[in-house]
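Here is a short briefing to read with the model open beside you.

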Amino acid sequence: MADSTAMAAFAVNTYSYTLSERATDCMRKLADRGFREFELMMYPGHLWPGEMDALARRDLRDRMRGEGLVLRTVNMPNVDLNLAAATVEMRQMTLGLLRQFIALAGDLGSHAVVLGPGKPNPLMPMPKAQMLEHFHRALRELVPLAANCGTSIVVENMPFAFLPGIAELLHALDEHGDASIGVVYDLANGHFVNEDLASSLRLCAKRLKVVHVSDTNQTLYRHDAVGLGTVDFAAVPHVLREIGFTQRPVLEIIDAQPDTSIERSVSRLRDLGWCPAAA
């Protein structure tokens with residue numbers, strides 16, 4: 001099994017713990033196993049703006065600093081939110097929550113907040129141009145807000161979004177025109193929509209801030225432990241070194257037994273030659 005040195009080569013996402021543990025508790029447990037960097041999920045009972053006053057936020061930030069832990073990103077289950085919804089009410093609700101998430105991220109010292117572009121109606125989607133307008137309008141509000149809060153915005157490739165492929169996501173960001181917006185490239189998401197991972201990573205290199213790591217096949221969308229799907233992880237470390245990406249990849253394993261699945265994933269990645277440099 002993986003040792004603490006191998007664990008420390010990766011950041012870890014807390015999605016699997018959202019229903020069972022508070023973020024502070026699972027982060028402490030994961031730190032004891034060797035992880036030093038984290039992507040925390042916004043979820044009621046786990047990490048939620050309305051459940052943390054100013055004192056709690058300052059206490060958590062100070063504890064992370066004191067223990068040498070880094071909050072790389074905060075994320076959220078994007079199936080619950082939709083920046084490109086047809087209804088103004090859903091867009092307003094989504095923006096309202098994102099404003100709170102951004103403020104909390106800034107208070108905790110998170111480097112970035114992960115956004116999904118928004119989801120189309122699978123039976124009768126709005127015209128893409130209209131969804132792009134909603135997405136760009138949201139970015140015009142959220143990007144400066146994040147900067148004012150001391151954090152930033154990164155947008156993720158998601159197969160259920162109206163911009164599922166990395167090329168179209170990058171094109172949408174280029175149309176918006178703000179070079180400060182980063183990209184999260186999720187390997188499982190890219191594989192699920194049949195992207196070539198090496199080419200995709202090279203394509204988004206200039207904006208790439210985060211790499212999400214999990215496994216899936218191309219029939220049933222998953223974020224499984226490495227080795228349970230059909231993602232080709234072997235070529236990725238070479239490409240990351242080639243493009244100069246030095247951040248720790250983020251393990252986003254979603255499993256009912258996350259401790260075992262995360263450790264198994266680290267062991268498999270180590271055996272496949274993943275030796276990412278520390279950030």
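Rings of Phe, Tyr and Trp (its six-membered ring) pair if their centres lie within 6.5 Å; planes under 30 degrees apart count as stacked, over 60 as edge-to-face and the rest as tilted. With that rule, ring pairs link Phe10, Phe233 and Trp274 into a cluster. This is a predicted model, where local features need pLDDT of at least 70 and side-chain atom pairs count only at pLDDT 80 or more, while totals for chains, interfaces and linings use all residues. Residues are numbered from 1 along each chain as its sequence is written, and side-chain values use heavy atoms, with hydrogens and water left out.

**Aromatic pairs**

- The count comes to 6 aromatic pairs.
- One of them joins Phe10 and Trp274, which form a tilted pair at 6.2 Å centre to centre with 35° between the planes.
- Phe10 sits in the loop between helix H1 (4-7) and E1, and Trp274 in the segment after H10, so the pair ties together parts that are 264 residues apart in sequence.
- Helices (H or I, at least four residues) and strands (E, at least two) are DSSP runs, numbered from the N terminus.
- Both Phe10 and Trp274 are buried, where buried means under 20% relative accessible area, exposed over 50% and partly exposed in between (1.4 Å probe, protein chains only).

**The barrel**

- A closed barrel of 8 strands runs E1-E2-E3-E4-E5-E6-E7-E8, with parallel pairing; two strands pair if DSSP finds at least two bridges between them.
- Strand E1 (residues 11-13) and strand E8 (residues 250-251) run parallel and are joined by 2 bridges.
- Ala11 has Val250 as its bridge partner in E8.
- Helix H4 (residues 88-108) packs on the sheet, where it touches strand E3 (70-75), strand E4 (112-115) and strand E5 (153-156), and its direction makes about 150° with that of E4.
- For that angle, axes are lines fitted to C-alpha atoms, for helices over the stretch in contact, and angles run from 0 to 180 degrees between N-to-C directions.
- E3 and E4 also pair in the parallel sense, over 2 bridges, and the bridge partner of Val74 in E4 is Val113.
- Which way do the side chains of Ala112, Val113, Val114 and Leu115 point from E4? Ala112 and Val114 point one way, Val113 and Leu115 point the other way, and all are buried.
- In a regular strand the side chains alternate between the two faces of the sheet.

**Buried polar residues**

- Ser261 lies in helix H10 (residues 258-271) and counts as buried, at 4% relative accessibility.
- The side chains of Ser261 and Asp255 are joined by a polar contact of 3.1 Å; a polar contact is a pair of N or O atoms within 3.5 Å, and within protein one must be able to donate a hydrogen and the other to accept it, with residues adjacent in sequence counting only if both atoms are side-chain atoms.
- Leaving aside neighbours within four places in sequence, Ser261 is in contact (heavy atoms within 4.5 Å) with Ala225, Ile253 and Asp255.
- Asn189 has its place in helix H7 (residues 187-192) and is likewise buried, at 2% relative accessibility.
- A polar contact of 3.3 Å links the side chain of Asn189 to the side chain of Glu156.
- Not counting residues up to four places away in sequence, Asn189 touches Glu156, Asn157, Met158, Pro159, Tyr221 and His223.

**Cysteines**

- How many disulfides does the structure hold? There are 0 disulfides, a disulfide being a pair of cysteine sulfur atoms within 2.5 Å.
- Cys26 is buried at 0% relative accessibility, whereas Cys149 is partly exposed at 25%.

**Loop residues**

- Asn194 lies in the loop between H7 and helix H8 (197-203) and counts as exposed, at 61% relative accessibility.
- The phi angle of Asn194 is near 65°, a positive value in a residue other than glycine.
- Tyr43 is in the loop between strand E2 (37-41) and helix H3 (54-66), and counts as partly exposed at 26% relative accessibility.
- Apart from neighbours within four places in sequence, Tyr43 is in contact with Thr18, Leu19, Trp48 and Pro77.
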